[in-house]
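Here is a short report on one chain, written for reading beside the model. Start with the picture, then take the parts in turn.

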Amino acid sequence: MRMATALLRSRKPQNEADVPFQEVLPLRLKNHVSGKTDKTNDVACLQEMAVLFSCLKTNEFNESLCAKEVGNFQRCYKVFLDKKTTKKETSSKGVLVAGKDLNYKQLNKVLKKYPTSAQN
């Protein structure tokens with residue numbers, strides 16, 4: 001164990017000039033992206049749900065005593081669903097919104113407009 005720590009302490013950083021760059025893959029973008037990581041797990045109204053559950057727990061799960069919290073949660077969830085449907089509609093139409101996060105279909109549409117040239 002002492003030998004390993006002594007070796008680690010004595011090692012100096014490697015000089016960048018001594019390590020030549022080797023291009024394994026071409027340094028250019030592809031003309032498409034995959035949609036594998038576009039699946040998101042949307043967690044909606046987590047704060048309102050926690051408040052609702054704490055109210056229900058203190059009132060022995062009597063919903064009539066937690067009407068305000070139930071209303072807040074339902075309102076929040078309705079707003080979440082409305083936003084989700086509008087986002088889905090705009091992405092299905094293929095509308096490109098500048099400055100916003102684009103899904104993989106919209107990105108592919110932009111990349112088709114500006115393809116990278118095939119350099120050999």
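Helices are DSSP runs of H or I, at least four residues long, and they are numbered from the N terminus.

**Model and confidence**

This is a predicted model. The mean pLDDT of the chain is 83. Of its residues, 84% reach 70 or more. Confidence is lowest in helix α1 (residues 2-10), with a mean of 66. Confidence is highest in helix α2 (residues 46-58), at 94. Where pLDDT is low, the predicted coordinates should not be read in detail.

**Overall layout**

The chain has four helices and zero strands. Read from the N terminus, the order is α-α-α-α. Of the 120 residues, 10% count as buried. The accessible surface comes to about 11,300 Å². Carbon and sulfur atoms account for 57% of that surface. Now take contacts between residues at least 6 apart in sequence: 57% of them join residues at least 24 apart.

UniProt, in an unreviewed entry, places the feature "domain: CHCH" at residues 45-78. This stretch is 74% helix and 0% strand. Its end C-alpha atoms are 10 Å apart.

**Disulfides**

How many disulfides does the structure hold? There are two. Counting bonded cysteines along the chain, the pattern is 1-4, 2-3.

| Disulfide | S to S distance |
|---|---|
| cysteine 45 to cysteine 76 | 2.0 Å |
| cysteine 55 to cysteine 66 | 2.1 Å |

Begin with the link of cysteine 45 and cysteine 76. Cysteine 45 sits in the loop between α1 and α2, and cysteine 76 sits in helix α3 (residues 67-93), so this pair ties together parts that are 31 residues apart in sequence. The link is left-handed, with -100° about the S-S bond. Is cysteine 45 buried or exposed? Its relative accessible area is 8%, so cysteine 45 is buried.

Next comes the link of cysteine 55 and cysteine 66. Cysteine 55 belongs to helix α2 and cysteine 66 to the loop between α2 and α3, so the bond ties together parts that are eleven residues apart in sequence. The torsion about the S-S bond is about -95°, so this disulfide is left-handed. Both cysteine 55 and cysteine 66 are buried.

**The loop between α2 and α3**

Two residues here deserve a look at their backbone angles. Glutamate 60 lies in this loop. Its phi is positive, about 55°, although it is not a glycine. Phenylalanine 61 has a positive phi of about 60°, and it is not a glycine either.

Are these side chains buried or exposed? The cut-off for exposed is over 50% relative accessible area. Glutamate 60 has 70%, so it is exposed. Phenylalanine 61 has 61%, so it is exposed too.

**Glutamate 48 and its contacts**

Glutamate 48 lies in helix α2. It counts as partly exposed, at 29% relative accessibility. Which residues does glutamate 48 touch, leaving aside its neighbours within four places in sequence? They are Asn72, Phe73 and Cys76. Of these, Cys76 is also the disulfide partner of cysteine 45. Glycine 71 is 23 residues from glutamate 48 in sequence. In space, the two are 9.7 Å apart, C-alpha to C-alpha.

**Aromatic residues**

A search of the whole structure finds two aromatic pairs. One of them joins phenylalanine 73 and tyrosine 77. Their rings are 6.4 Å apart, centre to centre, with 20° between the planes. Planes under 30 degrees apart count as stacked, so this pair is stacked.

Why are phenylalanine 73 and tyrosine 77 separated by about one helical turn? Because they are four residues apart in helix α3. Tyrosine 77 is partly exposed, with a relative accessible area of 36%. Phe73, Tyr77 and Phe80 form one aromatic cluster. Phe73 is also among the contacts of glutamate 48 in helix α2.

Notes: Residues are numbered from 1 along each chain as its sequence is written. This is a predicted model: local features need pLDDT of at least 70, side-chain atom pairs count only at pLDDT 80 or more; totals for chains, interfaces and linings use all residues. Side-chain values use heavy atoms; hydrogens and water are left out. pLDDT is the predictor's confidence in each residue, from 0 to 100. A disulfide is a pair of cysteine sulfur atoms within 2.5 Å. Buried means under 20% relative accessible area, exposed over 50%, partly exposed in between (1.4 Å probe, protein chains only). UniProt positions are given in the numbering used here, feature names are shortened, and annotations may be inferred rather than shown by experiment. Contact means heavy atoms within 4.5 Å. Accessible areas come from the Shrake-Rupley method with a 1.4 Å probe; for residues, only the protein chains shown count as cover. Rings of Phe, Tyr and Trp (its six-membered ring) pair if their centres lie within 6.5 Å; planes under 30 degrees apart count as stacked, over 60 as edge-to-face and the rest as tilted.
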